[in-house]
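Try each task before you read its solution.

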Amino acid sequence: CGISQITLSQTLFNCSDVGNTKIQVSVTDFSNNENLDSIEIKVLDTIRPTVKLKPVSIFLDQNGTASVSRSMIDLNTFDNCTVDSFIIAKEKFSCSDLGVNTVNVKVTDLSGNYTLVNASILVLDTIKPKIITKIVNCYLSSSGIGIIDSNDIDNGSYDNCQIVKKSINKRVFNCSDLGNNFVQYSIYDKSGNKSTALVKVMVLDTISPEVKTKTTRVYEGIFI
């Protein structure tokens, strides 16, 4: 005689219903005869997470390492349901990573939908090298010249990354420098961080004079 009404026990679904959900179906005819049955509804979420990242700068520590976390790069990542994982392909950085790094980030929701994006991570080293020096004795040669280099001055200087340059503002000494002198010793790392120290250089002359003689004839009362 015809169906007058079909009623579903649930018509609206949300993230908590993702998967298989059973609902009741009520069918009524014009004579008010009713039949109940249940059907299985499969609720799907096919929307990928929306990922919003911000560029970040990280600074190497005394050991030459630094790390990045979600809280540092995540600007406003969200999903229509729930973000299940936020994976940064590379979280730890070292001296070899100085500069801009492009790192993959994968965000996945509970339904397995995922979004891949790139994060920009700038790795910086702002720590100056540790300079360690020693007093230098510089001995003049027979020509009255003495020369020093960084190996004579440096006593174990180090950096959290690497020392790439060493310089001395005066390397060559002569007889006019005898005694105590002070030179400026500087070291630089790969990032241009610089440390400078004044170093005492004692210029010494330990070479005895060279005596040259000639034969002379002496006559009584006469000196030639």
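**Exercise 1: an open sheet**

Strand β14 (residues 179-189) and β12 run antiparallel and are joined by 5 bridges. Strands here are DSSP runs of E with at least two residues, numbered from the N terminus, and two of them pair if DSSP finds at least two bridges between them. This is a predicted model, where local features need pLDDT of at least 70, side-chain atom pairs count only at pLDDT 80 or more, and totals for chains, interfaces and linings use all residues. Residues are numbered from 1 along each chain as its sequence is written, and side-chain values use heavy atoms, with hydrogens and water left out.

Task: find the order of the strands in this open sheet and explain why one side of β10 and of β12 has no neighbour.

Solution. Start with the order: the 4 strands run β10-β15-β14-β12, with mixed pairing. Next, look at the edges: β10 (136-139) and β12 (163-168) each have a single partner strand, so one side of each is left without a neighbour in the sheet.

**Exercise 2: Lys165 and its partner**

Task: which residue of β14 is the bridge partner of Lys165?

Solution. First, follow the bridge from Lys165 to Tyr188 in β14. Then check the side chains: Lys165 lies over the face of Tyr188, 5.0 Å from the ring centre. The rule asks for NZ of Lys or CZ of Arg within 6 Å of the ring centre and within 35 degrees of the ring normal.

**Exercise 3: a hairpin**

Task: which residue in the hairpin of β8 and β9 takes a positive phi?

Solution. Begin with the strands: β8 (residues 99-109) pairs with β9 in the antiparallel sense over 10 bridges. Then turn to the 4 residues between them, where Gly112 has a positive phi near 90 degrees.
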